[in-house]
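This briefing goes through one protein model by topic. The sequence and structure come first, and the notes follow.

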Amino acid sequence: MILRSWLAAMVLMTGVSAQAADNRLPAATGAPVLSALAAQQKDGLQQDGQQKEGQQESAAPQPDPAQIQADNIIRISGLTGLSEQARNLAQQILNEQAAPIGQQYDVVDRLAQQWAPAALQQTLSSVLTAKLNDAQRTQLERILSSATLEAVRHKELQAISQQSGSDYRRYIDRLRANPVGEARLQLIRRLDQAMQFSALLSATREQVYPQLEAVMTDWQRPGNWQAALEQEVLEFLFYVHRSTPNRELEKVIGLYTRPEMQLWLSGVQKQLAAG
(Lines give C-alpha, C1' and ligand atoms only; values in the text may rest on other atoms or scores of the structure.)
Protein backbone atom coordinates (compact mmCIF):
# COMPACT_ATOMS: atom_id res chain seq x y z
CA MET A 1 0.00 0.00 0.00
CA ILE A 2 0.74 3.33 0.14
CA LEU A 3 0.36 2.73 3.81
CA ARG A 4 4.02 1.99 4.40
CA SER A 5 5.14 5.25 2.83
CA TRP A 6 2.22 7.46 3.78
CA LEU A 7 2.72 6.49 7.38
CA ALA A 8 6.21 7.85 7.04
CA ALA A 9 4.44 11.03 6.01
CA MET A 10 2.25 10.72 9.10
CA VAL A 11 5.37 10.92 11.22
CA LEU A 12 6.24 14.21 9.57
CA MET A 13 2.71 15.46 10.09
CA THR A 14 2.60 14.74 13.80
CA GLY A 15 4.99 17.51 14.75
CA VAL A 16 2.84 20.34 13.47
CA SER A 17 2.53 23.15 15.97
CA ALA A 18 -0.82 24.80 16.53
CA GLN A 19 1.04 28.13 16.53
CA ALA A 20 3.17 27.48 13.41
CA ALA A 21 2.36 30.22 10.96
CA ASP A 22 3.32 28.31 7.85
CA ASN A 23 1.81 24.97 8.90
CA ARG A 24 5.12 23.21 8.32
CA LEU A 25 5.48 19.77 9.78
CA PRO A 26 8.71 19.81 11.80
CA ALA A 27 10.14 16.70 13.35
CA ALA A 28 10.18 16.62 17.13
CA THR A 29 13.35 17.96 18.70
CA GLY A 30 14.67 18.54 22.20
CA ALA A 31 14.92 16.15 25.14
CA PRO A 32 14.59 12.64 23.70
CA VAL A 33 12.73 11.21 26.67
CA LEU A 34 10.01 9.71 24.49
CA SER A 35 12.54 7.76 22.47
CA ALA A 36 11.72 4.96 24.89
CA LEU A 37 8.55 4.42 22.87
CA ALA A 38 10.58 3.85 19.71
CA ALA A 39 12.83 1.17 21.20
CA GLN A 40 12.15 -2.27 19.79
CA GLN A 41 11.83 -4.99 22.40
CA LYS A 42 13.88 -8.04 21.58
CA ASP A 43 13.33 -11.47 23.06
CA GLY A 44 16.21 -13.93 23.46
CA LEU A 45 17.41 -16.84 25.51
CA GLN A 46 20.41 -16.64 27.82
CA GLN A 47 22.88 -19.47 27.28
CA ASP A 48 23.94 -21.36 30.40
CA GLY A 49 27.67 -21.76 29.91
CA GLN A 50 29.65 -22.61 26.82
CA GLN A 51 28.62 -25.45 24.60
CA LYS A 52 30.95 -28.43 24.51
CA GLU A 53 33.15 -28.67 21.46
CA GLY A 54 31.53 -30.75 18.75
CA GLN A 55 28.12 -30.79 20.49
CA GLN A 56 25.25 -30.50 18.02
CA GLU A 57 22.88 -27.61 18.51
CA SER A 58 19.21 -28.39 18.77
CA ALA A 59 17.21 -27.66 15.65
CA ALA A 60 15.61 -24.23 15.56
CA PRO A 61 11.80 -24.28 15.65
CA GLN A 62 10.17 -23.93 12.27
CA PRO A 63 8.55 -20.51 11.73
CA ASP A 64 4.78 -20.37 11.72
CA PRO A 65 3.61 -19.57 8.16
CA ALA A 66 0.55 -17.74 9.48
CA GLN A 67 2.71 -15.54 11.69
CA ILE A 68 5.10 -14.85 8.82
CA GLN A 69 2.15 -13.76 6.70
CA ALA A 70 0.76 -11.56 9.48
CA ASP A 71 4.14 -9.92 10.03
CA ASN A 72 4.45 -9.26 6.31
CA ILE A 73 0.99 -7.68 6.11
CA ILE A 74 1.75 -5.43 9.05
CA ARG A 75 5.14 -4.52 7.58
CA ILE A 76 3.74 -3.65 4.16
CA SER A 77 0.85 -1.74 5.71
CA GLY A 78 3.30 0.40 7.61
CA LEU A 79 0.88 0.84 10.48
CA THR A 80 3.61 0.29 13.05
CA GLY A 81 4.62 3.84 12.13
CA LEU A 82 1.75 5.01 14.33
CA SER A 83 3.99 4.31 17.32
CA GLU A 84 6.44 6.96 16.16
CA GLN A 85 3.54 9.17 15.15
CA ALA A 86 2.25 9.14 18.73
CA ARG A 87 5.73 9.68 20.15
CA ASN A 88 6.55 12.61 17.87
CA LEU A 89 3.22 14.29 18.54
CA ALA A 90 3.69 14.05 22.30
CA GLN A 91 7.34 15.13 22.15
CA GLN A 92 6.53 18.15 19.99
CA ILE A 93 3.89 19.40 22.42
CA LEU A 94 6.09 18.72 25.45
CA ASN A 95 8.85 20.74 23.79
CA GLU A 96 6.50 23.60 22.96
CA GLN A 97 5.34 23.71 26.57
CA ALA A 98 8.88 23.36 27.94
CA ALA A 99 7.60 20.52 30.10
CA PRO A 100 9.92 19.51 32.98
CA ILE A 101 11.61 16.15 32.80
CA GLY A 102 9.27 14.63 35.37
CA GLN A 103 6.24 15.37 33.22
CA GLN A 104 7.98 13.91 30.18
CA TYR A 105 8.61 10.64 31.97
CA ASP A 106 5.00 10.64 33.16
CA VAL A 107 3.84 10.91 29.54
CA VAL A 108 6.17 8.04 28.57
CA ASP A 109 4.56 5.82 31.19
CA ARG A 110 1.06 6.75 30.06
CA LEU A 111 1.73 6.16 26.37
CA ALA A 112 3.89 3.04 26.58
CA GLN A 113 1.08 0.56 27.23
CA GLN A 114 -0.62 1.30 23.91
CA TRP A 115 2.06 2.93 21.76
CA ALA A 116 5.35 1.17 22.51
CA PRO A 117 6.37 -0.62 19.26
CA ALA A 118 5.92 -4.12 20.71
CA ALA A 119 2.51 -3.21 22.15
CA LEU A 120 1.30 -1.74 18.86
CA GLN A 121 2.63 -4.74 16.93
CA GLN A 122 0.60 -7.01 19.20
CA THR A 123 -2.50 -4.86 18.74
CA LEU A 124 -2.18 -4.99 14.96
CA SER A 125 -1.60 -8.74 14.98
CA SER A 126 -4.65 -9.25 17.19
CA VAL A 127 -6.85 -7.18 14.88
CA LEU A 128 -5.62 -9.08 11.85
CA THR A 129 -6.43 -12.42 13.46
CA ALA A 130 -9.79 -11.34 14.87
CA LYS A 131 -11.15 -9.52 11.82
CA LEU A 132 -9.90 -11.60 8.88
CA ASN A 133 -9.91 -15.32 8.24
CA ASP A 134 -7.11 -17.18 6.46
CA ALA A 135 -8.48 -16.56 2.97
CA GLN A 136 -9.07 -12.87 3.67
CA ARG A 137 -5.55 -12.41 5.03
CA THR A 138 -4.11 -14.04 1.92
CA GLN A 139 -6.16 -11.73 -0.30
CA LEU A 140 -5.15 -8.70 1.76
CA GLU A 141 -1.49 -9.57 1.35
CA ARG A 142 -1.99 -9.82 -2.41
CA ILE A 143 -3.68 -6.42 -2.55
CA LEU A 144 -0.96 -4.75 -0.53
CA SER A 145 1.69 -6.33 -2.75
CA SER A 146 0.01 -5.33 -6.03
CA ALA A 147 1.93 -3.43 -8.69
CA THR A 148 -0.54 -0.55 -8.45
CA LEU A 149 0.11 0.06 -4.77
CA GLU A 150 3.83 -0.49 -5.27
CA ALA A 151 3.77 2.37 -7.79
CA VAL A 152 1.83 4.56 -5.37
CA ARG A 153 4.36 3.81 -2.63
CA HIS A 154 7.10 5.04 -4.94
CA LYS A 155 5.23 8.30 -5.54
CA GLU A 156 4.68 8.80 -1.84
CA LEU A 157 8.31 8.20 -0.97
CA GLN A 158 9.28 10.80 -3.53
CA ALA A 159 6.77 13.25 -2.05
CA ILE A 160 8.09 12.63 1.44
CA SER A 161 11.65 13.35 0.33
CA GLN A 162 10.46 16.64 -1.17
CA GLN A 163 8.14 17.68 1.65
CA SER A 164 10.63 20.03 3.26
CA GLY A 165 11.69 21.58 -0.03
CA SER A 166 10.65 24.68 -1.92
CA ASP A 167 8.84 22.78 -4.68
CA TYR A 168 6.44 21.24 -2.18
CA ARG A 169 5.88 24.59 -0.50
CA ARG A 170 5.18 26.34 -3.78
CA TYR A 171 2.76 23.62 -4.85
CA ILE A 172 0.79 23.90 -1.60
CA ASP A 173 0.74 27.70 -1.90
CA ARG A 174 -0.63 27.44 -5.45
CA LEU A 175 -3.16 24.84 -4.34
CA ARG A 176 -4.48 27.15 -1.64
CA ALA A 177 -4.55 30.16 -3.95
CA ASN A 178 -6.14 28.28 -6.84
CA PRO A 179 -8.26 25.39 -5.55
CA VAL A 180 -8.73 22.45 -7.88
CA GLY A 181 -12.06 21.56 -9.42
CA GLU A 182 -14.76 19.95 -7.34
CA ALA A 183 -14.50 16.63 -9.17
CA ARG A 184 -10.78 16.26 -8.41
CA LEU A 185 -11.29 17.37 -4.80
CA GLN A 186 -13.97 14.74 -4.25
CA LEU A 187 -11.71 12.11 -5.77
CA ILE A 188 -8.91 12.94 -3.35
CA ARG A 189 -11.41 12.96 -0.47
CA ARG A 190 -12.57 9.51 -1.51
CA LEU A 191 -8.97 8.33 -1.55
CA ASP A 192 -8.41 9.67 1.97
CA GLN A 193 -11.57 7.96 3.17
CA ALA A 194 -10.69 4.68 1.49
CA MET A 195 -7.17 4.72 2.97
CA GLN A 196 -8.58 5.90 6.31
CA PHE A 197 -5.54 8.17 6.42
CA SER A 198 -7.20 11.01 8.34
CA ALA A 199 -9.17 8.56 10.47
CA LEU A 200 -6.07 6.70 11.65
CA LEU A 201 -4.24 9.92 12.44
CA SER A 202 -7.27 11.27 14.25
CA ALA A 203 -7.70 8.09 16.30
CA THR A 204 -4.06 8.30 17.33
CA ARG A 205 -4.31 11.91 18.41
CA GLU A 206 -7.52 11.21 20.29
CA GLN A 207 -5.56 8.79 22.46
CA VAL A 208 -2.44 10.92 22.89
CA TYR A 209 -4.10 14.25 23.71
CA PRO A 210 -5.84 13.09 26.93
CA GLN A 211 -2.54 11.78 28.30
CA LEU A 212 -0.91 15.14 27.70
CA GLU A 213 -3.84 16.99 29.24
CA ALA A 214 -3.70 14.75 32.30
CA VAL A 215 -0.03 15.55 32.87
CA MET A 216 0.00 19.22 31.77
CA THR A 217 -3.22 20.44 33.36
CA ASP A 218 -2.82 23.96 31.93
CA TRP A 219 -2.58 22.70 28.34
CA GLN A 220 -5.49 22.03 26.01
CA ARG A 221 -5.56 20.51 22.54
CA PRO A 222 -6.12 22.98 19.66
CA GLY A 223 -9.80 23.59 19.07
CA ASN A 224 -9.63 23.10 15.29
CA TRP A 225 -7.12 20.28 15.15
CA GLN A 226 -9.36 17.86 13.25
CA ALA A 227 -10.05 20.26 10.38
CA ALA A 228 -6.38 21.26 10.22
CA LEU A 229 -5.33 17.61 10.17
CA GLU A 230 -7.70 16.78 7.32
CA GLN A 231 -6.41 19.74 5.32
CA GLU A 232 -2.81 18.60 5.77
CA VAL A 233 -3.69 15.08 4.66
CA LEU A 234 -5.59 16.26 1.58
CA GLU A 235 -2.79 18.62 0.58
CA PHE A 236 -0.25 15.84 0.90
CA LEU A 237 -2.38 13.51 -1.24
CA PHE A 238 -2.86 16.24 -3.83
CA TYR A 239 0.91 16.57 -4.09
CA VAL A 240 1.52 12.82 -4.24
CA HIS A 241 -1.02 12.42 -7.04
CA ARG A 242 -0.48 15.72 -8.81
CA SER A 243 0.29 13.83 -12.06
CA THR A 244 -1.94 10.79 -11.45
CA PRO A 245 -4.85 10.62 -13.91
CA ASN A 246 -8.33 10.34 -12.46
CA ARG A 247 -8.75 6.87 -13.96
CA GLU A 248 -5.65 5.65 -12.12
CA LEU A 249 -6.87 7.21 -8.87
CA GLU A 250 -10.14 5.34 -9.27
CA LYS A 251 -8.13 2.12 -9.54
CA VAL A 252 -6.23 2.91 -6.34
CA ILE A 253 -9.46 3.75 -4.52
CA GLY A 254 -10.90 0.48 -5.76
CA LEU A 255 -8.08 -1.47 -4.12
CA TYR A 256 -8.54 0.33 -0.83
CA THR A 257 -12.27 -0.25 -0.82
CA ARG A 258 -11.87 -4.00 -1.24
CA PRO A 259 -13.64 -5.76 1.65
CA GLU A 260 -10.44 -7.28 3.02
CA MET A 261 -8.67 -3.91 3.09
CA GLN A 262 -11.59 -2.19 4.77
CA LEU A 263 -11.91 -4.93 7.38
CA TRP A 264 -8.24 -4.46 8.20
CA LEU A 265 -8.14 -0.67 8.29
CA SER A 266 -11.49 -0.27 10.05
CA GLY A 267 -10.51 -2.86 12.63
CA VAL A 268 -7.28 -1.04 13.38
CA GLN A 269 -8.99 2.35 13.55
CA LYS A 270 -11.66 1.08 15.95
CA GLN A 271 -9.13 -0.69 18.15
CA LEU A 272 -6.99 2.43 18.40
CA ALA A 273 -10.03 4.56 19.19
CA ALA A 274 -11.02 2.15 21.95
CA GLY A 275 -7.65 2.66 23.64
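**H241 and its surroundings**

Leaving out neighbours within four places in sequence, H241 is in contact with V152, R184, L191 and L249, where contact means heavy atoms within 4.5 Å. The model is predicted: local features need pLDDT of at least 70, side-chain atom pairs count only at pLDDT 80 or more, and totals for chains, interfaces and linings use all residues. Residues are numbered from 1 along each chain as its sequence is written, and side-chain values use heavy atoms, with hydrogens and water left out.

- H241 sits in the loop between helix 11 and helix 12; helices (H or I, at least four residues) and strands (E, at least two) are DSSP runs, numbered from the N terminus.
- H241 counts as buried because its relative accessibility is 0%. Buried means under 20% relative accessible area, exposed means over 50%, and partly exposed lies in between (1.4 Å probe, protein chains only).

**Overall make-up**

- The protein has 13 helices and 0 strands.
- Of its 275 residues, 45% count as buried.
- Among contacts with a separation of 6 or more, 88% come from residues 24 or more positions apart.

**Helix 12**

- The buried residues of helix 12 (residues 246-256) include L249, V252, I253, L255 and Y256.
- Viewed down the helix axis, the buried residues of helix 12 fall within an arc of 155°, so they line one face of the helix. The arc is that of the directions from the helix axis to the C-beta atoms.
- An α-helix has 3.6 residues a turn, so residues three or four places apart point the same way.

**Helix 4**

- Helix 4 (residues 101-115) has 15 residues and spans 20 Å from its first C-alpha to its last, close to the 21 Å expected at 1.5 Å a residue. The expected span is 1.5 Å times one less than the number of residues.
- Q104, V107, V108, L111, Q114 and W115 are buried in helix 4.
- Covering these buried residues are elements including helix 3 (81-96), helix 5 (117-131), helix 10 (197-215) and helix 13 (259-274).

**Helix 6**

- In helix 6 (residues 134-144), the buried residues are R137, Q139, L140, E141, I143 and L144.
- Their cover includes helix 2 (65-77), helix 5, helix 7 (147-162), helix 12 and helix 13.
- N133 caps the N-terminal end of helix 6, with a side-chain oxygen 3.2 Å from the backbone nitrogen of A135.

**E235**

- E235 belongs to helix 11 (residues 225-240).
- E235 counts as buried because its relative accessibility is 8%.
- Not counting residues up to four places away in sequence, E235 touches Y168, I172, L175 and R176.
- The side chains of E235 and Q231 make a polar contact at 2.9 Å. A polar contact is a pair of N or O atoms within 3.5 Å; within protein, one must be able to donate a hydrogen and the other to accept it, and residues adjacent in sequence count only if both atoms are side-chain atoms.
- E235 and I188 are 47 residues apart along the chain, and their C-alpha atoms are separated by 9.2 Å.

**Aromatic rings**

- The whole structure holds 5 aromatic pairs. Rings of Phe, Tyr and Trp (its six-membered ring) pair if their centres lie within 6.5 Å; planes under 30 degrees apart count as stacked, over 60 as edge-to-face and the rest as tilted.
- Y209 and W225 form an edge-to-face pair, 5.3 Å centre to centre with 80° between the planes.
- This pair links distant parts of the chain, with Y209 in helix 10 and W225 in helix 11, 16 residues apart.
- Both Y209 and W225 are buried.
- Y168, Y171 and Y239 are linked into a cluster by ring pairs.
- R242 lies over the face of Y239, 3.9 Å from the ring centre. A charge sits over a ring if NZ of Lys or CZ of Arg is within 6 Å of the ring centre and within 35 degrees of the ring normal.

**Positive phi outside glycine**

- A98 is not a glycine but has a positive phi of about 50°.
- A98 lies in the loop between helix 3 and helix 4 and is exposed, with a relative accessible area of 63%.
- Q196, also a residue other than glycine, has a positive phi near 60°.
- Q196 lies in the loop between helix 9 (182-195) and helix 10 and is buried, with a relative accessible area of 8%.
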